[in-house]
Each structure stands twice: as structure tokens, then as C-alpha cells.
Amino acid sequence: MTGDGVARVVLDPTGELSPQAVELSERPASLDGLTVGLLDITKARGDVFLDQLDLRLRERGLETRRYAKPTFTKPAPVDLRQEIAEQCHVVIEALAD
Amino acid sequence: MVSDAPTAPTTAPTTGPTTGPAGAPPLGLPDGWVAVVKRDCPTCVTVAPALAELAEQVALTVLTQDDPGFPEGLPPGAGPVDDTSLDRSWLLDIETVPTLLHRDGGTEDERLVGWDRAEWRRATGVADLGEGLPEYRPGCGSLSVDPARTDELRVRFEGGRLRSRRVDIAALEDEFEAAFDRGWTDGLPVVPPTEARVLRMLEGTTRDPHEVVAVVPPDLVECTVEKVAVNAVMAGCRPEYLPVVLAAVEAACTDEFNMHGLLATTWFSGPMVVVNGPIARRIGMNWGMNAMGQGNRANATIGRALQLVVRNVGGGRPGGVDRATLGNPGKYTFCWTETPPSELDEGPDWPSQAVEHGFGPDDDTVTLFAADGVRGFADQLSREPESLARGLAEILRTIAHPKLALAFDAAVVLSPEHLRVFRGAGWSKARLRERLAELTLLPPGATTRGAHGIAEGMPDGFDAVELPKFRDGGLLLFTAGGGAGLFSAVIGGWASGSMGSQPVTRRIGS
């Protein structure tokens with residue numbers, strides 16, 4: 001506080017996460033030969049959307065694998081994320097309502 | 001006024017460290033006797049001749065808090081030592097002047113507070129000390145505990161405990177505008193979290209400032225007691241509210257409550273904090289008239305502090321992870337307390353929400369519920385519990401949508417006048433809950449998609465059977481409110497149970 005009662009130094013109320021740019025994973029130029037994960041977040045009709053994508057991707061000769069989050073209200077469990085990372089090259093997550 | 005309040009002389013030998021916190025300037029005092037005085041204290045003025053006498057016979061250093069020339073007549077080497085900065089008084093933890101203490105090897109082994117001739121003679125071994133002086137005089141408050149000075153002293157000596165990044169407000173910046181500009185507010189002005197204010201806030205808890213309270217979503221940041229205190233200052237809390245805020249933050253960040261999902265949902269809800277236990281009365285919370293409305297500092301600022309922690313520490317902001325379609329005004333703050341047992345003549349038939357969850361009536365707790373807005377329920381004619389329950393059930397069946405079952409929790413807040421109808425007829429809380437469960441059953445066909453010209457409804461198969469509106473444990477019953485008004489409140493929840501948020505009750509610590 002200065003003499004006039006004005007606060008001049010305050011404490012940072014935030015989590016103080018150092019600003020750091022998160023780099024996106026490198027995007028493949030083509031899906032040819034890749035395994036595509038299809039993640040259903042379990043919102044209503046997300047499965048309908050993914051069924052269509054599944055069909056179209058298989059028509060192109062791609063291998064697909066299906067996954068679902070236990071509930072759309074929470075982030076995907078670590079196990080599920082690791083499973084997808086191990087088994088797939090790319091993942092498509094369906095947000096629907 | 002602390003500074004002029006007479007304090008009875010006491011003898012209080014201490015063995016604790018008197019060199020102050022680590023990193024503080026050394027006291028720079030020799031071993032032997034130390035007296036702390038100020039001229040603006042009639043007892044110190046009275047005792048001044050005795051100090052001069054004492055200094056002739058023992059090793060004595062006199063510290064003076066206000067007038068560097070006081071007391072006069074001391075022999076060379078005894079002082080007075082200028083302590084107008086109050087540094088030594090603070091580090092010696094002086095509360096009253098005169099204080100006479102003895103140090104040996106840097107450790108204090110005797111402390112006399114005020115003037116008590118017999119005690120001074122005994123302790124110093126000077127048998128005729130203060131001959132002619134009164135036998136007893138209480139001391140005055142030390143300047144180092146003067147409220148006008150303690151903030152500055154605490155920052156000087158304890159500011160180093162605070163680990164938060166310091167943010168300089170530029171000379172031409174307005175301190176309130178600066179908080180808006182940095183994105184720290186909920187849209188209303190916040191109290192600038194200066195070091196002095198945060199240190200004062202931390203006096204409200206016995207917990208270490210660096211202890212991690214919770215991992216706050218969505219950024220999953222480890223949040224310390226200190227960070228909660230910073231945000232509690234901004235919200236306008238008093239230090240005595242801090243333990244409640246800490247418990248609320250802990251409860252919000254449990255997996256069961258699922259603050260992350262609650263923040264991210266497009267639904268209206270935010271955390272509602274209900275306080276139970278004697279602490280509510282102690283810190284002046286409102287359970288009566290306008291309990292859920294504006295005007296009570298504790299109600300208003302505790303709920304706000306939780307939201308500011310989520311916003312600032314967790315990084316959860318509208319338009320970011322907070323995706324609410326409309327939100328609700330309770331997301332500024334939503335905190336109140338249930339009618340205390342003493343006001344309710346509470347018997348075992350009508351336990352509080354916290355007691356229902358296994359806590360004692362004298363336990364201090366917070367219960368968090370993922371709440372959307374408050375919806376009024378009017379019934380001014382029912383004098384029989386069955387009639388009142390039926391009206392309430394009609395409202396409850398419409399939570400979220402009249403054709404949806406088992407998807408959303410709800411809370412009912414019964415006003416005293418409605419509560420009287422149930423209790424007067426001998427209905428326990430358990431009986432009301434049981435009856436409401438029966439009355440809110442949705443009959444077969446009522447929830448079929450497309451029925452009644454409404455597309456919304458339950459999926460095929462579910463609609464063919466009778467469905468409970470609420471899951472087990474999904475209907476919370478509270479009591480609060482002013483004495484007049486045959487109105488109660490119904491508060492819808494969010495996605496219920498393990499698929500969304502479960503109400504969480506946590507004990508409030510110290």
C-alpha cells in the first residue's frame with residue numbers, strides 16, 4: 001500500500017501456469033494404411049454419427065477401432081487414452097447432441 | 001483500542017524462540033534483561049526511575065517504541081535503543097508495555113508484563129527495586145499490536161512466507177481496473193489481494209499456506225491454502241470464513257462432485273454451497289429471511305470465493321471450458337446455511353442434510369450440490385401434509401423436462417411455514433422423502449418419445465414401465481428461510497449420480 005491507500009503490488013490469484021504453447025501432433029498427409037480410432041463420448045446420437053464415419057472409412061479400405069468414454073461429463077480415463085494411443089494412428093472424437 | 005487498553009500484569013516465562021522467523025533481521029540484543037517501553041504509557045513513565053535503578057545493577061537494554069529519548073537518566077550502555085520501527089518489538093512478540101524479559105544464550109527464559117514490584121524484585125534479584133513506586137500498575141498496548149501498524153509489520157516480517165507471483169500495478173493503472181484487465185474477476189469488482197490482506201486472511205486458518213488443498217479443474221492445478229486465501233480476499237471474505245471456503249474447494253474438486261464436468265456442461269448449473277453446523281452462526285451467515293438472496297457478507301463471499309478459485313486457479317472461464325448455454329446468476333455466488341437445529345426445534349425426525357449423511361449436529365460441514373436456478377413453489381392453502389406433498393411433487397416432476405426421468409437430481413428448500421405443515425402432522429423428513437418418491441413416479445407411457453405431441457422423452461423400452469423421477473439419493477431436502485411465506489424453493493440439479501455430479505458433504509477444518 002502506498003500512502004494514498006492504493007494497492008500497488010498484489011498477489012497473482014491464478015494457477016501461474018507458465019505460458020507455453022502446446023504443439024499439436026504432426027498431422028498425416030493421408031490416412032492410407034493408418035488405423036483410425038473412433039471415440040464415442042456417449043452423448044446422444046454420437047454413435048449414429050460414428051457409424052456413418054465408420055462405414056465411409058472402411059469403404060476406403062481403412063482399419064477402424066471403436067471406443068467409448070464411460071460418461072461424457074468427465075475427461076476420458078487415462079487407460080482409455082493410452083489404449084487409443086497404442087492401437088491407433090489417428091482418432092476422431094464425436095461430439096453430438 | 002488495543003494500544004491504550006490496560007493489561008493486567010502477568011508472569012509468563014517463555015522458552016520459545018524469540019529471534020523471529022527465518023530470514024528476519026537479527027535482534028541485535030545482548031543477553032541479559034530487556035525492557036520494552038513507550039512514553040505514551042503512564043505505567044512506563046511511572047516505572048522509568050526503576051529502570052534506571054535496575055540498569056545500575058544488572059545488564060539491561062531498554063527499547064523505546066515512540067520517543068527515542070525516553071526514558072531519560074539511563075546509565076551508558078542501557079539505551080534507550082530506538083525501536084520506533086517496531087522491528088524488535090514485533091520479533092520479541094511484545095503485546096504490552098512495559099514488558100521486562102530476560103535472555104540467556106539468545107533464548108528467553110523470563111517475561112514480566114506490566115509493573116508488579118514484587119515480581120520485578122523477585123525476577124531481577126534487586127531487593128529494593130522501585131522503592132516508593134506503586135506496587136502494581138497494568139501496562140498499555142504495545143505499538144507493535146496497534147491495528148494501524150500490524151499490517152505493515154506482518155508484511156515486512158511474514159511477507160516472505162507468500163509464494164504467489166507479485167504483480168506490480170503500474171502507476172497510472174487503477175487497481176480495480178487492473179484486476180478486470182487481467183481477467184481475474186467474475187464481472188464484478190474484486191478486493192485487490194495485497195500481501196497485507198492475504199496475510200490477514202491466512203490468520204483465519206491454522207493450515208500451512210503451502211499445503212495443497214485440491215487439484216482444481218479444468219487445468220488441474222495444485223491449489224494451495226495461500227491461493228485460496230488470495231481468491232477469498234478478492235471475493236470479499238473475512239478471515240474467519242476461510243475454513244469454509246477451503247472445505248468448499250476440497251468438496252468441489254472431488255471426483256464425485258465432478259467440478260470439471262459441471263463447468264464444461266452446456267447446462268445451467270454451478271456449485272451451490274450449503275453450510276451446516278455452529279460455524280454458520282459464528283461467522284454470521286443468514287438462514288432466515290432472504291437466505292438465498294443478497295445482503296449477507298458470509299453467504300455472498302464464500303460462494304463467490306469458490307467460483308473465483310475455479311476461475312483463476314483452475315482456469316475455468318465462460319467461453320473457455322465453461323460452455324454454459326445460458327448459465328444462471330448463482331454462478332456468481334450461491335451459498336447459504338440451513339435453519340440451525342436450535343431455531344428449528346430439530347428432533348431426530350428432521351435431521352439436516354449433513355446429519356443425514358452421517359455427520360453430527362455439531363459438526364461444521366459444507367454440502368455441495370450442482371444447482372441451476374431457484375424455482376418458486378407456492379401453496380398457500382394446503383394445511384394437510386399429503387396435499388402439500390402432492391403440489392410439490394407436481395413441480396418436481398417437471399425438473400429439466402416433464403418427460404425425462406432419472407437424469408437430473410433436485411433439491412427442495414422448505415420454508416418454515418411449509419415445514420410446519422409436515423411436522424405439525426407428525427411427518428418425518430424420511431416420510432416426506434418416501435412420499436415424494438411415490439408421487440413423482442412417471443407412469444408407463446408418460447415418457448414415450450412423441451407422446452402428447454412432444455418429441456422429448458425416454459428411449460424405447462424405458463417408457464413402457466413406471467419410472468422414478470429421481471435416482472436413489474437424488475432428491476435433497478433442506479430447510480431455510482424467513483418466518484413468513486407459504487413458499488418453498490425447488491432447485492434443479494445437473495446430470496445425476498456417477499454419470500455426472502453427486503452431492504458431496506465435507507467437514508470444515510480449522
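Predicted model: local features only at pLDDT ≥ 70, side-chain atom pairs only at ≥ 80, totals over all residues.
## Helix H16 of chain B

Let's start with helix H16 of chain B, residues 429–439, where Lys429(B), Leu432(B) and Leu436(B) are buried. These three residues cover an arc of only 60° around the axis, so they sit on the same side of H16(B).

What lies over the buried residues of H16(B)? The cover includes helix H14 (385–396), helix H15 (416–424) and strand E19 (475–479) of chain B. On the face turned away from the buried side, H16(B) carries the exposed residues Glu434(B) and Glu438(B).

Strand E14 of chain B (residues 270–276) is worth a look next. Seven of its seven residues are buried, so E14(B) is largely enclosed by the rest of the structure.

E14(B) pairs with two strands that you can trace in the model. With strand E16 (residues 365–371) of chain B it runs antiparallel, joined by seven bridges; here Asn276(B) has Thr365(B) as its bridge partner. With strand E15 (residues 335–337) of chain B it runs parallel, through three bridges, and Val275(B) is partnered by Thr337(B).

## Chain B as a whole

Stepping back, chain B contains 16 helices and 21 strands. Its radius of gyration is 31 Å, well over the 24 Å that the globule rule gives for 510 residues, so chain B is more spread out than a compact globule. Along its principal axes, the C-alpha trace spans about 100 × 55 × 35 Å.

Chain B is divided into domain 1 (10–145) and domain 2 (175–507), and the centres of these two domains, taken over C-alpha atoms, are 55 Å apart. Buried residues account for 48% of the 510 residues in the chain. Among contacts in chain B with a separation of 6 or more, 76% link residues 24 or more positions apart.

## Where chain A meets chain B

Finally, the interface: 17 residues of chain A are in contact with 32 residues of chain B. On the chain A side, the residues that touch chain B comprise nine nonpolar, four polar and four charged.

Technical notes:
Residues numbered from 1 in each chain as written. Chains lettered and ligands numbered in written order. Contact = placed C-beta atoms within 7 Å. Nonpolar A, V, L, I, M, F, W, Y, C, P; charged D, E, K, R; others polar. Helix = DSSP H or I, 4+ residues; strand = E, 2+ residues; numbered from the N terminus. Rg over C-alpha atoms; globule rule 2.2 N^0.38 Å. Buried ≥ 20, exposed ≤ 12 C-beta atoms within 10 Å, placed from the backbone. Domains from an automatic or database assignment. Arc of directions from axis to C-beta. Pairing = 2+ DSSP bridges.
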